[in-house]
Amino acid sequence: MAPSTHTVTNQVPPLVGYDVFAGDRALTEAVERHLAPGILREAQEELSTLGRAAGSAQAQEWGAQANENPPKLRTHDRYGHRVDEVDFHPAWHRLLGHAVTAGLTDAWGREGGHVRRAAGFLVWTQAEAGHGCPLSMTHAAVPALRTDPALAAEWEPLLTSHVYEEGLRPASQKAGVLFGMGMTEKQGGTDVRSNTTRAEALAADGEYLLTGHKWFCSAPMSDGFLVLAQAADGLSCFLVPRVLPDGARNPFALQRLKDKLGNRSNASGEVEFDGTWARRVGEEGRGVRTIIEMVAATRLDCVVGSAALMRQAVAQAIHHSAHRSAFGGLLIEKPLMRNVLADLALESEAATTLALRLAAAYDADTEQERAFLRIAVPAAKYWVTKRCSAVVGEALECLGGNGYVEESGMPRLLREAPLNSIWEGSGNVQALDVLRALQREPGALDAFLREVGKARGADHRLDAAIKDLLTELADLKAVEARARRLVERMALVLQGSLLLRWAPPEVADAFCASRLGGDWGSAFGTLPHSLDLATVVERARAGES
């Protein structure tokens, strides 16, 4: 036994063995606010069960294992036959199986389904974010498939199933399936209309053979994919199964897996199609319109996923500060650290509140709410995902050198943080999408302003920000160069309005003073010292057992 030279003290215990859902007051209040009384109790029990699992030592170990053992590509079997399979660590399957069982691909067919699923996605993503990719695309494929009632009848029950079955087999032989997506190509990226993948019609109605490639194919071990390809009448949407009904493998040549900054537990591949059988989804030449609802749903998941990363980072920073002593007292009691933590907590709560409001709009599914989503989703996707990296980076710094080592879990959060800002259209794409809605869909702007206006008169700083925003919106000439500034302002005004209506006064006051009133610096920890920061920090503290 090695000799003991001294006793180590002042070490922070791990944040483990707690209910991730019940310990998040902003999230629990949002669920209570947006769900009908008749289903609230059941949803709360489901989310608490998931929250306890997410906060368990077991789930944390699965997350670490899945990232320490990234997926491996097997292009051929021992005899030289192409198999094009990706092998995942067992921890990946356990995470994914738990998520599917918890209903994280099932939102479209049950009351309050989007709020329940968004809350669950926010909770479970805090255990590990990478496996959220197939969950998100499986969930989001449903509205695209509903453009073809026959396809929807065949696939939707499997997509929304609570049963996870790994391995490639015909979909008819599985109790549940996962979907991926293939849109971008080498020459175009986001400009999908420059795609060159060809779709040649077969004699059978709606059947095609695809030839071409996809530069980013997400979750390549999924059972089916929605892809874009050029048919006779233009860019169209297709369903590509990995395994054909007779059990034969559909040509789906995986060239390599991407070596990514983060999201390392998840596989993203480059795939070649060579006579790959597909079913058309929607009309020929209407591919973008067909797949756009899938894109919108995955963009909302980008917001929810970023809110989850922020929440976990802030929870870890506050937990560390509540247990670590320096300069004669706990870090959380030091005025400057409290300012930093409160500033981070504001960003996290604003993101969570906005994400659940958007999910509730999906559940309502009225013309007014659909118009609101048309602007609010890309605006939220732009702003919340951009704030994620800044929040996680600052939260990591709260742990000092301890936060810079892998064992803390913070580096994994930091590597993951930029992903949602890039996935499903980067910042410029979102800003331009908002501009298109402003210019082409006046009902969308009206719905947005109605939502923001619900808090008008509650705070003079919000009122002033709305006035400035209306001035900006009155002049849309040469607007592209200032699109980011405009969309940022729209997102902040929307967050401020929501917090004034639903958050405690201390939170709303601090948000409006800093984000809308301009009493803020260029870094976190620069909130006005006169605010009630202790209350803001305590509200954001994760529940601990």
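Predicted model: local features only at pLDDT ≥ 70, side-chain atom pairs only at ≥ 80, totals over all residues.
1. Start with the surroundings of Leu527. Beyond its neighbours within four places in sequence, Leu527 is in contact with Asn339, Ala342, Asp343, Leu346, Ala510, Ser514, Arg515, Trp520 and Leu533. Contact here means heavy atoms within 4.5 Å. Leu527 sits in the loop between α17 (505-516) and α18 (533-540). Helices are DSSP runs of H or I with at least four residues, strands are runs of E with at least two, and both are numbered from the N terminus. Leu527 counts as buried because its relative accessibility is 6%. The cut-offs: buried is under 20% relative accessible area, exposed is over 50%, and partly exposed is in between, with a 1.4 Å probe and protein chains only.

2. Residues are numbered from 1 along each chain as its sequence is written, and side-chain values use heavy atoms, with hydrogens and water left out.

3. Helix α10. This helix covers residues 367-398, 32 residues in total. From first C-alpha to last it reaches 44 Å, close to the 46 Å expected at 1.5 Å a residue. The expected span is 1.5 Å times one less than the number of residues. α10 bends by about 35° at Leu373. That bend is the angle between axes fitted to the seven residues ending at a residue and the seven starting there. α10 is mostly covered, with 23 of its 32 residues buried. Gly400 follows α10 and has a positive phi, near 65°.

4. Glu85. This residue belongs to strand β2 (residues 82-87). Glu85 counts as buried because its relative accessibility is 15%. Its side chain makes a polar contact of 2.6 Å with the side chain of Arg249. A polar contact is a pair of N or O atoms within 3.5 Å; within protein, one must be able to donate a hydrogen and the other to accept it, and residues adjacent in sequence count only if both atoms are side-chain atoms. Apart from neighbours within four places in sequence, Glu85 touches Lys72, Leu73, Arg74, Leu168, Met221 and Arg249.

5. Ser56. The loop between α2 (37-54) and α3 (57-68) holds Ser56. A polar atom of the Ser56 side chain lies 3.1 Å from the backbone nitrogen of Ala59. Not counting residues up to four places away in sequence, Ser56 touches Val16 and Gly17.

6. On a 1 Å grid over the protein atoms alone, a cavity is a set of points where a 1.4 Å probe fits but cannot get out, a pocket is an open set with protein on both sides within 12 Å along at least five of seven lines, and lining residues have an atom within 4 Å of a point. Grid points are joined across faces, edges and corners, and a volume is the space filled by probe spheres set on the points. The largest cavity holds about 110 Å³. Of its 14 lining residues, Ala26, Arg311, Ala345, Glu349 and Ala540 lie nearest its centre. α9 gives the most to this lining, with 5 residues.

7. The second largest pocket. Its volume is about 970 Å³. The lining has 40 residues, with Glu406, Glu407, Ser408, Gly409 and Met410 nearest the centre. α3 gives the most, 6 residues.
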